[in-house]
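Welcome! Take a moment to look over the sequence and the 3D picture, and then we will walk through some parts of them together.

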Amino acid sequence: MSSAVAFVLKGYPRLSETFIAQEIRALEKRGLDIRLYSLRHPTDRARHPVHGEIKAPVVYLPEYLHHEPARVMRAWRALRHTPGYRATRRGWLSDFARDRTRNRIRRFGQALVLAHELAPGISHLHAHFLHTPASVTRYAAQLRGLAWSCSAHAKDIWTSESWEISQKLADCAWAVTCTKANLAHLSSMAPEGRVQLAYHGLDLARFPPLNAPRPGRDGTNASDPVVILSVGRAVEKKGHDDLLAGLARVPEHLYWRFEHIGGGPLQSSLQETAHRLGIAERCSFHGAQAQEAVRTAYHEADLFALMSREAGDGDRDGLPNVLMEAQSQGLAVLATKISAIPELIANEANGLLVAP
């Protein structure tokens with residue numbers, strides 16, 4: 001039987017995680033046999049084309065243990081006398097003593113189900129994101145006596161406790177992260193050489209260069225305003241409210257429109273901010289969109305802006321893929337010099353950088 005790899009994801013499919021879907025499809029093309037295990041059911045109505053190309057089957061673990069208690073109990077009964085159970089439970093109890101939350105309990109229950117329901121032939125587990133998915137993966141791998149690895153990205157790095165990051169990086173076979181800033185931070189908590197750098201790439205078949213010339217809009221024509229685009233979830237770290245505040249200060253004799261693409265909990269708040277600033281009639285909030293609509297928005301815009309910043313809980317971007325996408329389509333880019341963004345954009349060379 002050929003060897004397979006289990007990919008453990010927080011949610012699948014997700015419009016905001018195109019880079020994960022593209023990686024899965026690229027690895028399938030390289031011949032890797034992948035099985036997907038998702039901790040949550042999808043919430044986005046639309047899907048990207050790449051999701052339809054992925055061949056890997058998906059198993060959804062119990063999103064909340066009380067929703068599927070019989071499934072969790074079956075897994076516990078099947079595993080409680082196995083060689084790895086006592087050591088795994090002991091390790092989980094130690095973690096629970098430091099993090100006495102319902103989420104920590106849920107992680108162990110999901111790990112039991114994952115370990116019990118792993119497809120035959122799986123020899124390795126890989127988690128995307130260092131927080132909850134890596135916890136579930138780690139416990140499940142210990143239960144089954146398998147090696148595991150993880151990909152670390154952004155929020156999972158900067159909002160996790162250092163003791164838990166160190167624990168996971170010591171235990172996994174290898175880890176990969178997508179920016180030099182992340183690499184330096186994680187390497188300080190990991191055995192030497194454990195963490196490797198691999199930047200996210202773009203599938204240029206999906207983002208071919210735009211050969212058509214862009215309109216020469218300069219903001220002087222009221223009937224043909226400059227189009228400013230931002231793509232990113234409506235969350236604190238994206239700094240969309242900072243961008244709106246800046247737009248409200250643009251001189252009145254310059255004409256512009258702002259287009260935002262992205263779902264998220266602060267979408268209504270951003271609309272209220274636009275009304276309060278008196279610029280609502282110039283702003284459109286489109287919510288989450290599939291890749292084709294995003295690509296069209298890149299083509300129709302004049303400027304891409306993303307005001308990333310550190311959120312109150314420490315969360316911050318790594319290197320937002322939307323910056324690379326915008327640049328691939330010939331868009332001028334304005335961003336902030338935070339995290340790994342300067343690894344992509346050199347101020348006044350291939351974009352403009354400002355302080356968060």
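## A buried serine

At 1% relative accessibility, S308 counts as buried. Keep in mind as you read that this is a predicted model. You can find S308 in the loop between β11 (303–306) and α13 (321–328).

What does the side chain of S308 make a polar contact with? Its partner is the side chain of D317, at 2.7 Å. Leaving out residues up to four places away in sequence, S308 touches K237, K238, D317, P320, T336, I338, I341 and P356.

## The parallel sheet

Next, look for an open sheet of 6 strands. Reading across it, the order is β10-β9-β8-β11-β12-β13, and the pairing is parallel. Which strands stand at the edges? They are β10 (283–285) and β13 (352–354); each has a single partner strand, so one side of each is left without a neighbour in the sheet. On average, neighbouring strands of this sheet are turned by 20° against each other, with direction ignored.

Let's zoom in on one pair. Strand β8 (residues 226–231) is joined to strand β9 (residues 256–261) over 6 bridges, in the parallel sense. I228 is part of this picture too, with F258 as its bridge partner in β9. In general, strands of a sheet pair through backbone hydrogen bonds, either parallel or antiparallel.

## Helices across the strands

Helix α10 (residues 240–247) lies across β8, β9, β10 and β11, and runs at about 175° to β9. Helix α13 lies across β8, β11 and β12, running at about 170° to β11.

The largest nonpolar core has 43 residues. Those with the most contacts inside it are Y37, L114, I122, L125, L130, L169 and L186. A second, separate core of 21 residues includes F207, A301, I338 and L353.

Setting aside neighbours within four places in sequence, L169 is in contact with L130, A175, L186, M189, A190, P191, R194 and V195.

Most residues other than glycine have a negative phi, and most peptide bonds are trans. Here are some places that depart from this pattern. The peptide bond from Y12 to P13 is cis, with omega near -10°. P13 is in the loop between β1 (4–9) and α1 (18–29).

F129 has a phi near 100°, a positive value in a residue other than glycine. F129 belongs to the loop between β4 (122–128) and α6 (132–144). S339, also not a glycine, has a positive phi of about 50°. Its place is in the loop between β12 (332–336) and α14 (341–344). Are these residues buried or exposed, or in between? F129 is buried, with a relative accessible area of 12%, while S339 counts as partly exposed at 28% relative accessibility.

How many disulfides does a search of the whole structure find? The count is 0.

Methods:
Residues are numbered from 1 along each chain as its sequence is written. This is a predicted model: local features need pLDDT of at least 70, side-chain atom pairs count only at pLDDT 80 or more; totals for chains, interfaces and linings use all residues. Side-chain values use heavy atoms; hydrogens and water are left out. A nonpolar core is a set of buried Ala, Val, Leu, Ile, Met, Phe, Trp, Tyr and Cys residues joined through side-chain atoms within 4.5 Å. Buried means under 20% relative accessible area, exposed over 50%, partly exposed in between (1.4 Å probe, protein chains only). Contact means heavy atoms within 4.5 Å. Helices (H or I, at least four residues) and strands (E, at least two) are DSSP runs, numbered from the N terminus. A polar contact is a pair of N or O atoms within 3.5 Å; within protein, one must be able to donate a hydrogen and the other to accept it, and residues adjacent in sequence count only if both atoms are side-chain atoms. A disulfide is a pair of cysteine sulfur atoms within 2.5 Å. Two strands pair if DSSP finds at least two bridges between them. Axes are lines fitted to C-alpha atoms, for helices over the stretch in contact, and angles run from 0 to 180 degrees between N-to-C directions.
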